[in-house]
Amino acid sequence: MVGPSPEARELYDLLRRPHIQALLLSHDMVAQKDFDPVLPPLPEDLPEDEEAMRIVCLVKNNQPLGATIRRDGATGEIFIARVIHGGLAERSGLLRAGDRVVEVNGHPVFGLEPEQIINILARSHGTIMFKVVPITERPVNNQTMLYVRAMADYSPDQDPAIPCVDAGMAFHKGDVLEIVDQTDALWWQAKKLPSTTLCAGLIPSTSLLKRKQKEFWWPQPFQAQAGLQNCDCFSYQLISCLYLEEDLMAIDEKCVETGEQPLFCVDAFKNESDFSTNIEGVHLAGFRRSLRLCKRHKGQASGYGQVCTARCPSSCLSAQENPYEEVARYQRRKDGQQRLIALIGPSGVGVNELRRKLIETDPKTYQGAVPHTTRPPKSYEESGREYHFVSRELFENMAYNNRFVEYGEYRGYLYGTSIDAIQQVLDSGKVCVVDIEPHGIPAVRTHDLKAYIIYIKPPPADSMKLTRKNSQVITNYYINRPFKDEEFQEIEEAGRKMESHFCQFFDQVIVNDSLQESCDQLLTAVRKAEEEPRWVPASWIRPMDKS
Ligand SMILES: Nc1ncnc2c1ncn2[C@@H]1O[C@H](COP(=O)(O)OP(=O)(O)OP(=O)(O)O)[C@@H](O)[C@H]1O
């Protein structure tokens, strides 16, 4: 007797699997309309023009119904103002923005005060029945999914103009947001990623957020403003069922410009002296004393200011330029160009120590970029090894053409890290590891370099006092000196300012407390940058776009 064929056996096995069984069971329940809970029967006294009406029954549970209503000031009619993406109302597919609400649980709402509607809802348990006149012209749903990185902080609690505080979503600089609805020109709906909630929240659109930033009201202590005090935005917190919103878009045109704060001040060093960074035959470029002292001088050195102005307007790093940056998921191809790793941190925190240690772990994989200088070479130096020694004219020409990530002047000579020098390392198949100052960020966040920016964060000053007992501050003399206590305070403060201004650009943060642990974390972070997908500016993915 011939047994079942291998295919038949496989099918039998598949059909017996628990998830297939569960699928079949669900299918049967849907086919038999075995729904729970059982909805009440439709009312018998439906009006004659019933086809113009829609009866919507929603079962209230602990989640928000996810809709806001507004009252037409002229007619007193109540409308669904907004249906929140992912909320119960939206998932039911039965309520749409623009529907006119006629009754709630059998109570006619025409002429009612908004508070009364909220009370009706608050008293309802279980099923809520809406009688609505559906909007005739439905907006065409041509929404495309958009992912952005927030370049500013936003808090609905401190924004008196939000249509409904409870429907608002707070976010911080650097958060990645999925914009799910841009129908409204002023208020978008978004989810913060990674998202665990179904329901989206209201956030200001790009244009509205720019306007708000100019007004700069939410970082200030909230003061109710005339005209906004009687905000008809009712939060329906207890059961989070339905919000009421009124169009209160009046915006005070007063404009407070936000200026960037100076980041930090470092003492000026007057002399120059280089020291060799030739360790066991491996030349580690970009660690020379004069270059590092030059970086510290950036505040005073005219060149730094010029380069930023030449490359981008003064607001290049400002969220006012663009409060949302469009992003896309990016994963480096295995055979693709290596990544640029850019370390950033307040002077003295240990950026160069960590960079050096990373390169030393595997100089065949990690390498610094060879800087440029107009200083004449010393007898033992080779052009292209310690520095690219170039004429002042050539250096200035490169600076004029934005070929430097950053540059500055120290004791009459120019020093800088060029994009070409970084590209050279990447082209050789190595991971390029550089340290940058904040104003160098735009120059490395480009389609070509795709920098992975790691912020080296100072631990609290007290902790640095303990861990840096034997550490040395680089000075303009051959002999370095130990840190002074007040310098730890300065590093901590400078780090705090740097983080608050630029955290939106950081892909990774490492608190440099224990040196060994920080080195391990850095190595892990760099490998992660190679192997894991991450959100990058969308312009890096579209080759035709300008970075
Ligand atoms: N986690 C740490 N524990 C102890 N000492 C550290 C640690 N990190 C760095 N150091 C030491 O602190 C000193 C300053 O570090 P480093 O030279 O790397 O500073 P930096 O951030 O590059 O700033 P700059 O270039 O302005 O000097 C060095 O002596 C370094 O060895």
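The model is predicted, with local features reported at pLDDT of at least 70 and side-chain atom pairs counted only at pLDDT 80 or more, while totals for chains, interfaces and linings use all residues. Residue numbers start from 1 along each chain as its sequence is written.

The protein chain holds 15 helices and 26 strands, where helices (H or I, at least four residues) and strands (E, at least two) are DSSP runs numbered from the N terminus. Of its 547 residues, 36% are buried; a residue is called buried if 20 or more other C-beta atoms lie within 10 Å of its own, exposed if 12 or fewer and partly exposed in between, with C-beta atoms placed from the backbone. Among contacts in the chain with a separation of 6 or more, 68% link residues 24 or more positions apart; a contact means that the C-beta atoms, placed from the backbone, lie within 7 Å. The chain is divided into domain 1 (51–133) and domain 2 (278–541), with bounds from an automatic or database domain assignment. The C-alpha centres of these two domains are 56 Å apart.

Strand 22 (residues 452–457) runs parallel to strand 25 and is joined to it by 4 bridges; two strands count as paired if DSSP finds at least two bridges between them. Within this pair, Ile 454 stands opposite Gln 508.

In total, 18 residues surround the ligand, the closest being Ser 347, Gly 350, Asn 352, Glu 353 and Ser 471; a residue is near if its C-beta atom, placed from the backbone, lies within 6 Å. Helix 6 (289–296), helix 8 and helix 14 (515–531) each contribute at least two residues to this shell. By type, the shell has 4 nonpolar, 10 polar and 4 charged residues.

Strand 2 (residues 67–71) is mostly covered, with 5 of its 5 residues buried. Ala 67, Ile 69 and Arg 71 point one way from this strand, and Thr 68 and Arg 70 the other way. Strand 2 pairs with strand 3 (residues 78–83) in the antiparallel sense over 5 bridges, and Ile 69 stands opposite Ile 80. The two strands form a hairpin with 6 residues between them, and Gly 76 in the turn has a positive phi of about 80 degrees.

Strand 10 (residues 201–204) is likewise covered on both faces, with Gly 201 and Ile 203 buried on one side and Leu 202 and Pro 204 buried on the other.

Notes
Nonpolar A, V, L, I, M, F, W, Y, C, P; charged D, E, K, R; others polar. Contact = placed C-beta atoms within 7 Å.
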